[in-house]
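Trainee: Could you take me closely through one part of this model, namely how its domains are laid out and how they touch?

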Amino acid sequence: MTTPVLRMAASALAIAAFGGMALAQDVAREDTVIFDLDRTIQDPENFNWMTPGTKRMHGAHQTMWEPLFILNYGTGDLDPWLATGFEANADSTEFTITLRDGVEWSDGEAFNADDVVFTVNLAMTNEEISSREASTIRSQVASVEKVDDLTVTFTLQNPNPRFLVENFGVRIFGSFLIMPEHIWSGENAATFAFNPPIGTGPYTFASASSNRAIWDRNDNWWGAKTGFQDLPAPKRVIFLGSGGEESRAQLMLSNQLDAAQNVTIGTFEAIQAQNPNVIAWHDDYPYAAADPCARQLEINTTVAPWDNANMRKAVAHLIDRTQIVNIAYEGTTEASQTMFAQYGSMDPFINAVVDAGYGLSPNADPAAAQALIEGEGWAKDGDYYTKDGETLSVNIHVNSASTEYTRTIDMIVEQLQRAGIDARAVPVENGVFWGEVLPFGSFEMSYSWLSCGSVNEPWASMGRYTTADVVPVGERSPGFNNTARWDGEAAEAYTAIMADIAARPLGDEAVPGLVAEAYQYLDAEMPFIPLVQAAKLLPMNTTYWTGWPTADNYYNHPFFWWNHTHQIIHNLEKAE
Amino acid sequence: MTSQDNVPMTRAEKQQAKRLKRFDNPWMNPKLLWGLGLLLAIVALGLLGRIFWDPDLVFTGSAPLKLPPVGFENLRRQEGIWDYPLGTDGGGRDMLAMIIVGAPNTLFVGLLASLIGMSIGIFLGFSAGFLGGRIDDTIRVLADVMITIPPLLILVVFQSAFGDVTLTMMALLIAGFVWQSPTRLIRAQVLSMKQSGYVQMAQLSGASTGHIMFREMLPNLVPYLFGSFIASVTTSIVTAVGLEVLGLGPQRIPTLGRTIYEAINAGALIQNLWWWWGIPTLLLAVIFIGLLLINLGLDEVSNPRLRKLS
């Protein structure tokens, strides 16, 4: 009987305390930077980034947790952050990282090699941890050792010249984040909630609910004390769930948002017409920044009839990429030739694949598709193909967070429908899409970018489709690798070539040839269908803050949901 | 033959004659006719439109993007062209084709849902009112419980679970939430009617329950049932459009609600693409006004006291 009363009293006290705190910490709008969040925070009380959910992109890894290095997309260098440098042995099996001196957790404890060794060991020993970064560490590292307080040595299972950029360099989205040993030790990493969270970043956690997270500046941040960086100008950072494109646009217009997620070009032009303070990556058409994650149609290769390579190839022939570019992207991107991001640094590999005859056409080839489908025994009956009384149909799951995604799938549905496949779009909320649909293979086809990874070498993308990562439907794909569950002889042959490429150093001259050789299996089996290059049109508001990343101010790319956003926040300056 | 017969009628007499004529046939009620006219116009739009216009233009990517209606300019200074007289939306769909296909679809969902709902309501209402006892208790409690549940809440859950639904599926789901009030109202009517002389006479002469319920009593309720039917069509359409505007309706089959959803989702307001959301909204207004007029008209048909005297 006393428990509820106590609980009520406690919550009344808590409310009073928080109320008082909120008043005490009122931060003016001009001292606050507000970023757009394109998903709900399903578990705002949980900060264990090693488990699935919105645990990082709501500000945690942009303000509170810092990476060891940050890959600079402009220069191609690894900018040091919590680490100052590294050394590798000749065959890339041993990496020694030097940590920065004077780094502190926000509770005053020192950040050092013990934390690194502890966190890496957590990921290596706890099989239940499922995040992509933790799985990658587990599959690569043989052992990790502390040399002294500021030096850590990694021994790898296999040679991997990309080890640092892949795991600690924020190459795509995140990096392996180091956690404080003095708080995590003794906890089960698969269930620990890590609340209240602490980090080494210049901001500390203030509050979070399902649609926003608030982070306040720690004026006692180690970086300012040691002279690593000045304190960032914003006193408060908010990540705010904005909803759809229309509300995003309205918030930008009324200056209630400083950086918004992707909008269509028409919306951007309308925003800019009414609020000239809003800018984007380029000053002019097409405004958008190239995103390294090329779009593709994911296929679950375990579900009939799509377990048949010819059927998948038929779908690939039916896709008119030009139409997707024109309708879904309003001309702001280009058709994919291969699975790779069409960056200049990827040209040698793209050219090798195209020269070998495995490039993708920007236009559809319905006749080739028809031949393949009919070759598998399907016949047109009315509008659709049928076989044994069954209509050829497919459900395509699509993340409903952006018009770009849904409209691309609307377009593909239309193209398949016209060809005689009863395709349907199944829109799903962002969190559900990444949390439940994709990793467990509970889809026939879906729209995503899971071969994303390569920006200057081919393995990061190609290596995601090896047979090592095949798990049954219903089990979580390790790190979203091979969610297609592509298996069989061709996949084995492909995997063998991948192992060869993986061991070669960056810039090895044989690699483009090997890429082309491996690509024959992707071309023949189509475990996924590359669609178009991605471009992100992110409106950024200069009413309160300037110093946003743009093509003219290219200190790094503008994808503010990534772990490198520390750089963006440090570059922000109060508008005059 | 006296000369009086040829005297032309005075204005007042003419009006009186007209009025009497109108009273002769209560179904020639102007409100009813206007209402029916509006709905038939939508149906005709659907039928004739399919003949004279290409309904395939309703699919994504079949037309240029964001063209305004003829006579207007969009933000990019493109002018409307006669190939797409009502303009196109952000996904390359022709607005004229959209209303040709979408407006009858919206009406269809409403009619089907309330047809099913009313049938259930009539059956249950009569059973409860006439048979009484346990059956009455069960049906009454069921209807009372269901009436307290907000339908949109449950439908949102259902539809999100189903993913893509067909129009018929959606109508069936909505029908599950429009039978309660007819059931209750019909039950009340039947209870009072049960006591009337002709029903007791029929009972005494040994007519079967089914006969009494549906042959003796039902015809007396027809105008009332019509009114109730139109009211539930309105409710069904509101529910269907509500779901569609939330993006939970059929994905590929165009409906007015879904068009509004897509317009909002793609930032049509800020881009000033008023035709994208304005035209479907206007058509929805026409449908609702039509239904309202029919309902008012039916009221006057079944209740002579409501008929205007002037």
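Mentor: Chain A is divided by its domain assignment into domain 1 (4–50 + 57–63 + 201–286 + 537–574), domain 2 (69–184) and domain 3 (291–534), the bounds being those of an automatic or database domain assignment. This is a predicted model, in which local features need pLDDT of at least 70 and side-chain atom pairs count only at pLDDT 80 or more, while totals for chains, interfaces and linings use all residues. Residues are numbered from 1 along each chain as its sequence is written, and chains are lettered from A and ligands numbered from 1 in the order in which they are written.

Taken over C-alpha atoms, the centres of domain 2 of chain A and domain 3 of chain A are separated by 32 Å. Their contact draws 14 residues from domain 2 of chain A and 16 residues from domain 3 of chain A, where two residues are in contact if their C-beta atoms, placed from the backbone, lie within 7 Å. On the side of domain 2 of chain A that touches domain 3 of chain A, helix α4 (residues 132–140) of chain A gives the most, with 3 residues; helices are DSSP runs (H or I, at least four residues), numbered from the N terminus. By class, that side of domain 2 of chain A holds 3 nonpolar, 7 polar and 4 charged residues, with Ala, Val, Leu, Ile, Met, Phe, Trp, Tyr, Cys and Pro counted as nonpolar, Asp, Glu, Lys and Arg as charged, and the others, Gly among them, as polar.

Between the chains, the contact takes 22 residues from chain B and 25 residues from chain A, and the side of chain B that touches chain A has 7 nonpolar, 12 polar and 3 charged residues.

Methods:
Helix = DSSP H or I, 4+ residues; strand = E, 2+ residues; numbered from the N terminus.
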